[in-house]
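The exercises below are meant to be worked with the sequence and the structure open. Each task is followed by a solution in steps.

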Amino acid sequence: MTKSILITGCSSGIGYEAAVTLKARGWQVFAGVRRDDDRARLEAEGFDAPILDVTSAESITSGFQSVLDQTNGRLDALFNNAGHGLPGAVEDLPVDGLRELFETNVFGLHDLTTRAIAVMRRQGHGRIVQHSSGFGRHVMPWRGAYNASKHALEGLTDTLRLELRGSGIHVSTLNTGPVTSKFRINSIPPFERWIDWESSAIAERYRAELLPFLYEDKGRAMFQREPDAVIRRLIHAIEAPNPRPRYHITPAVHIAEALKRALPQRMIDAIAARL
């Protein structure tokens with residue numbers, strides 16, 4: 001029987017590459033997207049592409065049901081890949097901006113995950129893969145909203161993994177570092193909508209540090225990898241008999257983990273503040 005997987009955030013980047021790779025491996029791929037133009041493009045490439053906006057409970061309901069309608073109520077794997085950032089200093093972060101980010105990175109993801117679990121419990125098996133980040137375990141300046149959302153996801157996922165032991169449902173977390181994608185570009189609209197940086201007490205730091213990072217293409221980041229580095233771990237998480245609870249992806253994450261084990265927090269803070 002052909003195995004099925006639902007992937008969110010497939011309009012570009014890691015989500016799209018995951019959909020292409022898994023389809024080539026024989027999976028029945030449901031490539032979730034938010035916009036009609038992306039759905040039309042993916043359908044022209046031969047994908048099932050349900051509209052699935054994780055900020056909308058109605059869209060989650062209709063999109064998830066459309067998947068089950070095509071699989072006779074089964075789902076073998078879920079890859080929660082959709083997410084975005086909201087750059088800016090924590091002191092300048094409005095509550096509504098933080099809430100909007102959590103709708104995508106935490107609340108909508110959680111809604112979809114619980115629906116998938118209900119299906120997987122009935123069939124007695126399943127794989128859930130949460131796309132977290134190195135920032136789910138470590139932090140850097142200017143990323144407070146994103147750091148917080150990924151730390152929340154880590155807490156939910158670690159607890160869920162314990163609670164699903166023995167159920168036949170395996171839960172894995174991908175802690176990804178810098179990977180080629182549109183993440184930086186996609187962070188600009190939320191920044192412009194929510195962060196009044198010109199009125200900030202640290203406006204000069206914005207000009208010197210954050211604005212060049214957001215608006216200037218400075219080429220590849222240190223230790224940056226291509227999406228296939230993530231896809232390889234995703235394949236292991238959904239196909240291996242004993243998937244890992246956690247996958248550290250890119251050298252940057254491995255280095256951060258080593259420093260966390262070796263150094264006191266004050267030294268880690270000093271290093272992170274300079275990056």
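**Exercise 1. An aromatic cluster**

Task: In this predicted model, find the aromatic cluster that contains W142 and say which residues form it. Then decide whether the pair W197 and Y206 is stacked, tilted or edge-to-face.

Solution. 
- Step 1. The cluster is formed by W142, F191, W197 and Y206.
- Step 2. The structure holds 6 aromatic pairs. In the pair of W197 and Y206, the ring centres are 6.3 Å apart and the planes stand at 35°.
- Step 3. Planes under 30 degrees apart would count as stacked and planes over 60 as edge-to-face.
- Step 4. For burial, the cut-off is under 20% relative accessible area. W197 has 16% and is therefore buried, and Y206, at 0%, is buried as well.

**Exercise 2. The surroundings of strand 5**

Solution. 
- Step 1. Strand 4 (residues 126–131) runs parallel to strand 5 and is joined to it by 6 bridges. Within this pairing, I169 of strand 5 lies opposite G126.
- Step 2. Between strand 4 and strand 5 the chain passes through helix 5 (residues 144–163), and this β-α-β crossover is right-handed.
- Step 3. Strand 6 (residues 246–249) also pairs with strand 5 in the parallel sense, over 4 bridges. Here L174 has Y247 as its bridge partner in strand 6.

**Exercise 3. The two sides of helix 3**

Task: Which residues of helix 3 (residues 57–71) are buried, and what covers them?

Solution. 
- Step 1. Helix 3 has 15 residues and spans 21 Å from its first C-alpha to its last, close to the 21 Å expected at 1.5 Å a residue.
- Step 2. Its buried residues are S59, I60, G63, F64, V67, L68 and T71. They cover an arc of only 160° around the axis, so they lie on the same side of helix 3.
- Step 3. The spacing along the sequence can be read with a general rule: an α-helix has 3.6 residues a turn, so residues three or four places apart point the same way.
- Step 4. On the face of helix 3 turned away from the buried side are the exposed residues E58 and D69.
- Step 5. The cover over the buried residues of helix 3 includes strand 1 (4–7), strand 2 (28–31) and helix 4 (95–123).
- Step 6. Strand 1 and strand 2 pair with each other in the parallel sense over 4 bridges, with L6 opposite F30. Together with helix 1 (residues 13–24), these strands make a right-handed β-α-β unit.
- Step 7. After helix 3 comes N72, which has a positive phi, near 60°.

**Exercise 4. The place of L259**

Task: Is L259 buried, partly exposed or exposed? Which residues does L259 touch, leaving aside those up to four places away in sequence?

Solution. 
- Step 1. L259 belongs to helix 9 (residues 251–262).
- Step 2. The relative accessible area of L259 is 30%, so this residue is partly exposed.
- Step 3. L259 touches I268 and I271.
- Step 4. H138 is 121 residues from L259 along the chain, and their C-alpha atoms are separated by 10 Å.

Conventions: Residues numbered from 1 in each chain as written. Predicted model: local features only at pLDDT ≥ 70, side-chain atom pairs only at ≥ 80, totals over all residues. Heavy atoms only, no water. Pairing = 2+ DSSP bridges. Right-handed = clockwise from strand over helix to strand, strands pointing away. Expected span 1.5 Å × (residues − 1). Buried < 20%, exposed > 50% of the residue type's maximum accessible area, 1.4 Å probe, protein only. Arc of directions from axis to C-beta. Contact = heavy atoms within 4.5 Å. Phe/Tyr/Trp six-rings, centres within 6.5 Å; stacked < 30°, edge-to-face > 60°.
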